[in-house]
Amino acid sequence: MRMRHKKHLEERLSAVQDYLITPRNASLNHNDVYTEQHLFDFHELFGNDNPVYLEVGGGKGQFACTFAEQNPDKNIVMVERVNDVIVAACETAKEMALTNVKFVSCAAEYLPSYIPKNSIEGIFLNFSCPFPKNTYAHHRLTSERFLTIYKPLMKEDAVICQKTDNMHFFEFSIEEFSRCGFVLSNVSLDLHHSNFEGNIVTEYEQKFASQGFPIYRLEARLK
């Protein structure tokens with residue numbers, strides 16, 4: 001089903017320009033990702049040199065905004081490809097008067113053109129689309145294709161944190177992380193009934209947990 005465009009989208013986007021990072025080349029394609037560089041200057045964007053975290057596919061921004069509010073000494077960049085969705089995240093950040101969160105409207109495939117190498121402290125993959133059909137496995141954000149994209153962006157001790165309600169996707173992710181040289185820790189098969197502290201509940205997480213679905217979580221670090 002095609003998403004309906006939000007009313008007054010352009011006006012709403014214009015009102016949150018302080019939070020929205022507009023990619024400098026809207027015509028960028030897959031062939032240009034590693035040859036055409038438009039790298040962000042995080043010091044310029046945030047006005048400080050605090051650690052930078054990345055959320056890929058952040059939806060309406062509940063996680064990113066809560067993370068920013070709870071961690072004023074850290075910065076977070078949320079990537080979301082759908083403008084109709086990302087505008088809501090920007091509006092939430094503006095309402096909360098946050099200064100340490102920015103939003104980028106682009107697909108994860110284009111991250112190498114914008115995110116400097118060895119600059120990210122941690123990556124959050126919260127309830128990414130599981131793409132159930134095996135023929136679409138390469139679209140999963142924990143597939144080897146995307147892990148290869150994330151690796152150069154991560155600092156030496158950086159961590160990828162994944163949460164999902166989909167058991168098969170979680171099993172697939174464990175296999176991909178292990179095959180691509182990551183070491184797993186803090187693996188939970190039922191997060192909400194574990195002793196894990198500091199969990200930030202996302203929109204989807206709240207929905208699935210209320211329906212009785214277990215929430216799966218892991219942390220992955222490069223060897």
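How many helices and strands does the chain have? I looked this up first. The chain has eight helices and eight strands. I noted that I was working with a predicted model.

**Whole chain**

I checked the overall dimensions next. The C-alpha trace spans about 40 × 40 × 40 Å along its principal axes. The radius of gyration is 17 Å, which agrees with the value near 17 Å for a compact globule of 223 residues. I then looked up burial and found that 48% of the 223 residues are buried. The chain exposes about 12000 Å², and carbon and sulfur atoms supply 50% of that area. I also looked at contacts between residues at least 6 apart in sequence. Of these, 76% join residues at least 24 apart.

**Helix 4**

I moved on to helix 4, residues 83-95. It has 13 residues and reaches 18 Å from its first C-alpha to its last, close to the expected 18 Å. Which residues of helix 4 are buried? I found Asp84, Val85, Ile86, Val87, Ala88, Ala89, Cys90 and Ala93.

**Asparagine 71**

My last stop was the loop between helix 3 and strand 3, where asparagine 71 sits. Is asparagine 71 buried or exposed? Its relative accessibility is 17%, and the cut-off for buried is under 20%, so asparagine 71 counts as buried. I then looked for a partner to its side chain. A polar atom of the asparagine 71 side chain lies 2.9 Å from the backbone oxygen of phenylalanine 67.

Terms used. Residues are numbered from 1 along each chain as its sequence is written. This is a predicted model: local features need pLDDT of at least 70, side-chain atom pairs count only at pLDDT 80 or more; totals for chains, interfaces and linings use all residues. Side-chain values use heavy atoms; hydrogens and water are left out. Helices (H or I, at least four residues) and strands (E, at least two) are DSSP runs, numbered from the N terminus. The expected span of a helix is 1.5 Å times one less than its number of residues. Buried means under 20% relative accessible area, exposed over 50%, partly exposed in between (1.4 Å probe, protein chains only). A polar contact is a pair of N or O atoms within 3.5 Å; within protein, one must be able to donate a hydrogen and the other to accept it, and residues adjacent in sequence count only if both atoms are side-chain atoms. The radius of gyration is taken over C-alpha atoms; the globule rule is 2.2 Å times the number of residues to the power 0.38. Contact means heavy atoms within 4.5 Å. Accessible areas come from the Shrake-Rupley method with a 1.4 Å probe; for residues, only the protein chains shown count as cover.
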